[in-house]
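Student: I have a structure to go through with you. Can we take it piece by piece?

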Amino acid sequence: MNTMATETIAVSAHQTGAAAGSDLQSGGKKIGDVILDVQNISLRFGGVKALTDISFNVREHEIRAIIGPNGAGKTTLLDMICGKTRPTGGRIEFDGVDLARLPEHKIVRAGVGRKFQTPSVYDDLSVSENLEISIPEGRGVFGSLLFRTTEAVRQQIAQMAENVFLQSHLAMKAGKLSHGQKQWLEIGMLLMQNPRLLLLDEPVAGMSARERDQTADLLKRIAVGRSLIVIEHDMEFVKKIASKVTVLHQGRLLAEGDVDSVQRDERVIDVYLGH
Ligand SMILES: Nc1ncnc2c1ncn2[C@@H]1O[C@H](COP(=O)(O)OP(=O)(O)O)[C@@H](O)[C@H]1O
Ligand SMILES: [Mg+2]
């Protein structure tokens, strides 16, 4: 009870303050208020510092790219935002609520969706069924069972399949999809929950050039209604989707800025060429 009350107060306080200033422009796109504010996050595994004093923020409708060499801490950072791993220090404010203190399911309910590196779809279920089981429970007036059979839900599933380029594969078992199509299906499954922040860990790894282009379009489309954090190595892909890039190296924030300035940054060049 106490926790719930605290959350509610924190959310209302933020909403009251949110009316002021939502006029930031970036890369010609209109983006809004800060939705995620990571403050001085640190994490140790035993004696090893996996992340040290990381601070950055993401705005509404922004696509933020996170890059960095293998082992830089990118995946670990997403683990902390979605509650899979707890930081040993710092705060992660999402819409005014400290995620570092919420259990994973409440972080999902607060509006954070996470896609892991390998696609996790139900191979034995069809594309349509995979999307259907991703609809959050208890939203229907008549209970979830009846709710799921309605025409509105069928349309919702068809629309989502179209969004993720799978409209002609609705009846196909997910196990028969290509690797890239599985990645798209999983993004569709996450979108069924309508998250306000979507965390994507290397979503185009293993995709063909054409699939990458389609995915770039997809991510730009879905960022109209939400924010995205995308971990990606391929700078050509990063250029297509993101206006701002955060660079991690050895668990620290090495640089942050627009794609061009980050690519010119001597420290970033050293880290990539030095390996
Ligand atoms: N569960 C864990 N236990 C111990 N060390 C870990 C664990 N998870 C990640 N690490 C360490 O944290 C560092 C960052 O890893 P990771 O976040 O996977 O990097 P990236 O995604 O940038 O390649 C690595 O040095 C890794 O060995
Ligand atoms: Mg990783």
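**Sheet, helix and ligand shell**

Tutor: Start with an open sheet of 6 strands, in the order β8-β9-β10-β5-β11-β12, with mixed pairing. Strands are DSSP runs (E, at least two residues) and helices likewise (H or I, at least four), numbered from the N terminus; two strands pair if DSSP finds at least two bridges between them. This is a predicted model, where local features need pLDDT of at least 70 and side-chain atom pairs count only at pLDDT 80 or more, while totals for chains, interfaces and linings use all residues. Residues are numbered from 1 along each chain as its sequence is written, with chains lettered from A and ligands numbered from 1 in the order in which they are written.

Student: Which are the edge strands?

Tutor: β8 (112-115) and β12 (252-258), each pairing on one side only.

Student: And how do β11 and β12 pair?

Tutor: In the antiparallel sense, over 6 bridges, with β11 covering residues 244-249. H249 is opposite R252 of β12.

Student: OK, switching to ligand 1. Which residues are around it?

Tutor: F45, A50, G68, N70, G71, A72, G73, K74, T75 and T76; to count, a residue needs its C-beta atom, placed from the backbone, within 6 Å of the ligand.

Student: Which element gives the most to that shell?

Tutor: α2, with 3 residues.

Student: How many helices and strands are in the protein chain?

Tutor: The protein chain has 11 helices and 12 strands.
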